[in-house]
Structures are given as C-alpha cells and as structure tokens.
Amino acid sequence: MTDATAATTTVPAVPARDRTTWAELFFDLVLAFGVGQVAHPVAVHPSWPVLGECLLVLVPLWWAWVDVVMAMNAVLETNLQRVFLLLTALAVYGMAVAAPLALADREAALLYSGSYLALRLLIGEAIRKECALYTIHPYRAGLAFALVLFACATVPAPWREVCWAFAVVAEIAAPVVLSGHLRQLAFGVNHLPERFGLFVMIALGENVFAVGAGAATGSLAPAELTALVLAFLVGCALWWLYFHLVASAVAHALRTHPTPSVVVRDVLSYGHLVLVVGLLLVSVGATRTVRSPLHTPDALSAALLPSGAALFMLAFCYTRRRMFGAASATRFYCGLALLALALPVWRLPGVATLAVTTVLLLLVNAVEHWLISSGRQVPLILRNRAFGTA
C-alpha cells in the first residue's frame, strides 16, 4: 500500500492545533540559546572534528524540538500541558549549557545526555494520554536513543563520540523506518509551518546576534563596517528566500499533498534540519569574516559561508521537489554557483567572499521577484515522476 492510499483510509487520532502558543514561544527562546551554544565552538576553533562534534550535539537538540512541536500539535492546551512544556524548556536549557563541552568533558556529557533523557521522558508523558497511538513506536525509539547517550556519557573519549555517533545516526534514520505512525496524526496546516518557520528565524537570529556581538567587541574601521553591512544583507536575503515563498508553500503542501506525512517527515523534519545547518555555517563564516575582513582565512574557515549558503539553497530544491514534484532552477543553479565559490575562496580576503555570496543571494531574490511580478513562472528542474509516494 502506498502512502497516498493509506492517507485516504486512515482517520487521524487527534485534532491538530492551529496556532503557536505563548508557552511554545518561551520554549523557543530557550532553544535560541541552545543554537548559539552549538555554533560557538566552530566559530572559535573551526576544524572538521569540531564541526562534526557540533553536528553531533545539534541533531538530538533538533529532534527533541521536532517531537515537542509534534506533541503540542497533537494535544489540547491546558495548564498541565503548559507545565510540561516549561519543564521541557528546562531540559533543553541543560542541554544547551552542556553542548559546547558535551563530547570533551565527562560532567558536561552527563548533563547533556541526562537532560536529553529527561526531555524524552517528559515528551512521552505529555502525549501519553491524549495521543497514545503516536507514542507506541516513535516515542520508544527516541527514549532508546536518549538512554544510549546517557549510558555512554562516562565512556572515555574517543569511544564516547563513536557511541554517540551511532545513536545519532540511528535517530536520524528512525522517522523513515517509523513513518507509518505519522499517518495517525492530524497536521495543523498553520501550526506546523509557523513552528518550523520560527526555528528558521532562530537560526537567522544567530547570524544577527553572533555577527553583531563580534563586531561590537572589535575594530569598527571601514573594512569591518563594510563586512558588517554585507553580513546583514546576507541575513536579509536568506530571510526573504524562506519567508517570501517557502513558509506559505509548506502550508499549501500540507493542505493539498496526497500524503501530508511525507511533508512532515521529508520537508519539515529532514529538510529543515539541513536548512538550519546551512544557516549555522553561514553564521559562523560571517562572524569570522566580520572580525578580520581583509584576512585570507584557511580553507575550511573560508568555505563555511558559501558552503552554508549553498546548503541552504539546495535544501530548498529538495523540499520543493518533495512537496510539488520539481525543484526551482533559480535556486538550484545559485546553490551550484555558491559551491563553486567555496573551492577557491581560501585565496581571497574574507570580505571578497562575503561580497560575492551577498550578490548571488540578492540576485536570485531579484530574478524570482521579477519572474513572479511579471506573471512568468519560475523555471523548474529535477522533476519527480513518482511524486506523491514516500
């Protein structure tokens, strides 16, 4: 049976929430701190091992946030649910505090994994009574991964990293294996796009906070001010790329896609994780560039900004293809151009890389605006003949 067939024969277990609550916004405030904590080590010591470690602590934070969103999407708001949500915020706070040293320090590893285990237990309890069908397998899987992280927290390095890596990879794969259970939920066509859009806003905010804070503590000479303006324009361009078209497209896809669970799994859960990773790379790259705009950085540091922007652009191609069966040519070719830019940038001053990245992002926005405002269609590529199936 295909996902499309199942979607027409399965009755959602619970109604969906339609709007974000104030308690959820407070939870996002704590999450913003966590995102900044994850990005900080890469900004200070950019290297492939540090980047891998940051992704390793980001994924559980992201997946826990996704499950909190799904839990709040599937239950009616009560005072008890608000208390549960505030307690989950406390658990995320513990994860965020420990994140920078979670793989290097035993106490930090225990705090991070213990907070994650508590968060998983809270999520399960919050949805156990009102959404029992959802808790059968996905909840147990998430709890199992949290138990593995906690059990391995005291294992000496580098075996701790190895054990955590296996658990995190398994957690990433779990939604594909257990995706059938998503069909038992109703999905709020306003609530879910709003929640995931807010996470994108948090990641964009990290670019504003980190770049601005770095500039405030350093030199404000013309080169630094130019880089600061360019970094802000990059943030504006990325914001426009997402919120001008994508946010409304996700809501439309949830209403019209033959299998809404595919949109939740592939576009929201997986696709937005890639978007957030891209934004964090942009934030780290822009922060380092603004601090030393005329400096020619090493290969990895130089590639962070264009590579992150490319990842952000190409993730749009994947999500649009999963929602509507084809990718936008403008974003696909812009993503390829940014990847090409990432190859020789170690020979250029940081501000030059930042300037070219800014121009490319503004250009694709301008082209799309011209196409849409003039009544033309944005050209499409990578058409999916099997559109509508998982």
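This is a predicted model: local features need pLDDT of at least 70, side-chain atom pairs count only at pLDDT 80 or more; totals for chains, interfaces and linings use all residues.

Trainee: Where does Leu 382 lie, and what is its phi near?

Mentor: Leu 382 sits in the segment after β2, which covers 380-381. Its phi is positive, and the residue is not glycine. The value is near 55°.

Trainee: Which residues are in contact with Phe 332, leaving aside its neighbours within four places in sequence?

Mentor: First place the residue: Phe 332 belongs to helix α12, residues 329-342. Ala 315 is 17 residues away from Phe 332 in sequence, yet their C-alpha atoms are 9.1 Å apart in space. With the neighbours within four places left aside, the contacts of Phe 332 are Leu 314, Cys 317, Ile 381 and Leu 382.

Trainee: Which residue caps the N-terminal end of α11?

Mentor: Look for a side-chain oxygen beside a backbone nitrogen. The nitrogen here belongs to Leu 300, and the oxygen lies 3.2 Å from it. At the other end, α11 is followed by Gly 325, with a positive phi near 90°. The N-terminal cap is Asp 298.

Trainee: How do α11 and α13 pack, parallel or antiparallel?

Mentor: Helix α13 covers residues 350-373, and its axis is 9 Å from that of α11. The angle between them is about 15°. That makes the two helices roughly parallel.

Trainee: Which residues of α13 does α11 meet?

Mentor: The crossing of α11 past α13 is left-handed. From α11 come Ala 302, Leu 305, Pro 306, Ala 309 and Met 313. They meet Thr 353, Leu 354, Thr 357, Leu 361 and Val 364.

Trainee: And α3 with α4: parallel or antiparallel?

Mentor: α3 is residues 48-73 and α4 is residues 79-98, with axes 11 Å apart. Pro 60, Leu 61, Val 68 and Met 72 of α3 meet Gln 81, Leu 85, Val 92 and Met 95 of α4. The packing angle is about 175°. The pair is therefore roughly antiparallel.

Trainee: Last one. Which residues does a cis peptide bond join?

Mentor: Look in the loop between α6 (138-151) and α7 (159-177), where Pro 158 lies. Omega of the bond is about 5°. The residues joined are Ala 157 and Pro 158.

Methods
Residues are numbered from 1 along each chain as its sequence is written. Side-chain values use heavy atoms; hydrogens and water are left out. A polar contact is a pair of N or O atoms within 3.5 Å; within protein, one must be able to donate a hydrogen and the other to accept it, and residues adjacent in sequence count only if both atoms are side-chain atoms. Helices (H or I, at least four residues) and strands (E, at least two) are DSSP runs, numbered from the N terminus. Axes are lines fitted to C-alpha atoms, for helices over the stretch in contact, and angles run from 0 to 180 degrees between N-to-C directions. Angles under 35 degrees count as roughly parallel, over 145 as roughly antiparallel, 65 to 115 as roughly perpendicular and the rest as oblique. A crossing is left-handed if the near helix is turned anticlockwise from the far one by less than a right angle, and right-handed if clockwise. Contact means heavy atoms within 4.5 Å.
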